[in-house]
Number of protein chains: 2
Amino acid sequence: MTRAFNFAAGPATLPLEVLQQAQAEMLEWQGTGCSVMEVSHRGKQFEACNAEAEQDLRDLLAIPSNYKVLFLQGGASMQWAQFLFNLCGSNPNGDYILTGEWTNRAVAEARKLLPLWGGSVNIVASSEDRNYSYIPDEGSWKRRKDANFLHICSNETIQGLEYNFIPEQLGDVTLVADMSSHIVSRPVDVSRYGLIYAGAQKNIGPAGITIVIVRDDLIGKARPDTPRMFDYKLMADNHSLLNTPPTFGIYLAGLVFKWLKRQGGVEAIERKNIAKAELLYGYLDSQDFYYAPVEKGSRSRMNVPFRLKDESLNAKFLAETEAAGLVALKGHKAVGGMRASIYNAMPMEGVQALVAFMRDFAARNG
Amino acid sequence: MTRAFNFAAGPATLPLEVLQQAQAEMLEWQGTGCSVMEVSHRGKQFEACNAEAEQDLRDLLAIPSNYKVLFLQGGASMQWAQFLFNLCGSNPNGDYILTGEWTNRAVAEARKLLPLWGGSVNIVASSEDRNYSYIPDEGSWKRRKDANFLHICSNETIQGLEYNFIPEQLGDVTLVADMSSHIVSRPVDVSRYGLIYAGAQKNIGPAGITIVIVRDDLIGKARPDTPRMFDYKLMADNHSLLNTPPTFGIYLAGLVFKWLKRQGGVEAIERKNIAKAELLYGYLDSQDFYYAPVEKGSRSRMNVPFRLKDESLNAKFLAETEAAGLVALKGHKAVGGMRASIYNAMPMEGVQALVAFMRDFAARNG
């Protein structure tokens with residue numbers, strides 16, 4: 001068995017200990033005589049597993065008791081519509097900040113639905129002018145006081161941008177954040193947000209679960225045409241077990257949360273993530289064979305796009321990294337170049353190996 | 001490791017060979033240096049895995065080429081709304097047949113949405129009068145010629161009913177079937193249906209994938225307020241990879257399809273399923289300590305509800321079966337008594353062990 005250092009943006013690398021435990025329990029789980037995939041979601045073992053995963057996430061992020069935690073399906077992409085159905089019962093006006101691929105897709109969904117419901121979409125700020133290489137300064141934002149919500153993507157996976165601040169509260173406007181690619185990588189003041197959502201397949205577990213954290217006064221007011229399975233209130237009342245949930249995914253997310261607690265929680269993992277990011281960005285800024293296109297102050301600790309000055313070497317770089325066991329470094333086609341995703345489960349050794357390779361590659365090809 | 005015979009209704013028992021392969025590949029899959037959970041859904045390995053799972057399902061059910069096969073999320077419960085958004089672009093009138101818990105829930109969703117869209121729900125037939133113990137005779141159905149669709153659940157998991165016929169075509173009315181709990185347990189003439197959907201967690205794989213098989217002339221006509229992630233056309237155009245799919249679930253479903261092909265396909269598995277069902281129903285009808293509440297001619301081969309004449313023995317029966325490694329026999333609370341779900345992955349030996357235990361229990365307690 002040869003494990004690679006896997007820099008994929010998601011689905012992404014998982015902690016080896018977690019995979020080993022899942023492997024050991026694959027044929028029999030907790031004395032049930034069955035795999036965790038084979039037991040009823042209504043049985044006491046799985047209900048306990050589900051409740052424990054929720055509690056561990058609450059502990060890790062210090063989620064206040066007036067917030068519901070939901071384990072849903074469909075990915076962040078489903079939430080682009082689902083949160084609109086839930087939040088826009090009376091006011092279908094949404095403010096959005098455009099910072100790259102994911103916010104553009106969220107806006108596309110809102111531009112489809114909100115006008116049909118008598119509302120509108122307002123682009124508060126955009127960094128399209130410089131190819132989504134920065135988070136627009138809050139002072140320049142043109143927000144609506146009577147918007148229902150302000151939507152941000154607090155870490156743009158493809159462009160490699162990350163907010164280093166939380167937007168100010170404006171009147172009753174609900175702050176909504178897509179945190180898919182940096183949730184549980186750092187502490188977050190949940191109380192500043194009305195709604196947080198995140199696909200699991202970066203920092204939490206396998207693809208197929210979506211985390212929703214929502215303040216309880218925002219639920220129970222969904223539009224009348226909301227599909228039952230979309231309704232946060234129904235899901236919350238049923239502890240995410242309104243229908244059969246993705247049981248294996250919840251189990252695996254639970255193992256990741258336990259692993260994260262063993263690492264010392266999100267404060268400790270943040271220190272490691274800072275050290276990994278500093279090592280990689282520090283190297284990128286120290287030479288001129290490669291460069292990082294994202295402006296300082298907006299750079300993501302999780303997703304690090306970089307480019308070779310001589311792009312004709314891209315194919316060679318990718319072939320040699322793969323051969324060296326440093327995999328999935330090709331950048332997203334919307335951006336080009338390279339991207340190293342260095343989520344919680346990427347050890348410092350992986351980043352060190354990448355930097356050592358890059359240094360050597362530059363020496364041989366510079 | 002002690003594997004039980006697991007009679008759970010879903011999530012349900014999986015083929016041991018499939019779990020063993022998943023276990024062996026848990027840390028490294030196909031030479032990628034990663035688990036299948038950790039690789040990109042856009043990479044060539046996973047795209048091939050996804051395409052092969054689709055092709056194997058097409059082979060197993062002889063799905064005509066003018067049908068799309070989609071791997072979605074959210075379970076059958078999500079489809080109750082999703083298929084309405086897709087099919088009811090112009091005609092929001094749905095006919096339903098009520099045969100138990102699952103059809104009642106599908107109708108609840110339609111009663112919520114169709115009137116808001118200017119349409120209505122018509123109950124064509126119901127077996128509520130005799131506690132959902134039979135499939136209503138087709139001669140008694142009151143269908144609408146101008147309905148958009150007729151919806152059936154061709155196997156009611158909780159009540160244990162199964163259609164032994166396909167409803168007649170009426171004008172242009174699209175036949176829609178929830179086949180969650182008996183898909184790939186028998187051959188099916190897909191061409192008689194416009195839309196088939198099924199949660200995976202009975203006969204196909206882990207919870208968290210939903211199979212949709214839809215005739216291609218029915219897609220691309222969704223309502224304007226359809227969430228993008230609900231749109232069968234967008235999903236079909238992207239081979240179910242519109243966003244990150246539940247990769248591990250698709251992989252595991254693919255392993256189950258391969259296993260099913262090794263068993264000889266759905267014709268061969270049907271013979272085994274008939275033999276298992278005949279053994280269990282034959283025993284139930286041969287004595288009077290237990291009885292099967294479902295009327296002959298409507299009995300499911302997959303889900304076999306049964307009751308003890310003396311219900312005061314229920315707790316003892318359940319405790320002793322659990323101790324004997326015959327697990328998850330408790331009936332759904334809506335029905336009571338016992339239920340043995342004997343899906344494809346339940347070997348004949350499991351049914352033989354159950355019948356032997358029941359015979360012995362009756363002798364000791366009769």
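Predicted model: local features only at pLDDT ≥ 70, side-chain atom pairs only at ≥ 80, totals over all residues.
Student: How are the two copies related, and what rotation superposes chain B on chain A?

Tutor: A rotation of 180° with 0.0 Å of shift along its axis does it, with an RMSD of 0.0 Å. The two copies are thus related as by a two-fold rotation axis. In chain B, the residue that comes closest to that axis is B:Gln23, with its C-alpha at 2.6 Å.

Student: And how do I read the size of an interface?

Tutor: It is often given as the accessible area lost when the parts come together. Here chain B and chain A bury about 4900 Å² between them, and carbon and sulfur atoms give 61% of that. On the chain B side, B:Leu27, B:Met37 and B:Glu38 lose the most area to chain A, together 15% of what that side buries. Each chain brings 59 residues to the contact.

Student: Why do we say that the copies meet through the same surface?

Tutor: Because 100% of the interface residues of chain B are also interface residues in chain A.

Student: Which elements of chain B give two or more residues to the side that touches chain A?

Tutor: They are helices H1 (16–24), H3 (75–87), H4 (101–116) and H6 of chain B. H1(B) gives the most, with 6 residues.

Methods. Residues numbered from 1 in each chain as written. Chains lettered and ligands numbered in written order. Heavy atoms only, no water. Least-squares fit on C-alpha atoms with pLDDT ≥ 70 in both. Contact = heavy atoms within 4.5 Å. Buried area = accessible area lost by both parts, 1.4 Å probe. Helix = DSSP H or I, 4+ residues; strand = E, 2+ residues; numbered from the N terminus.
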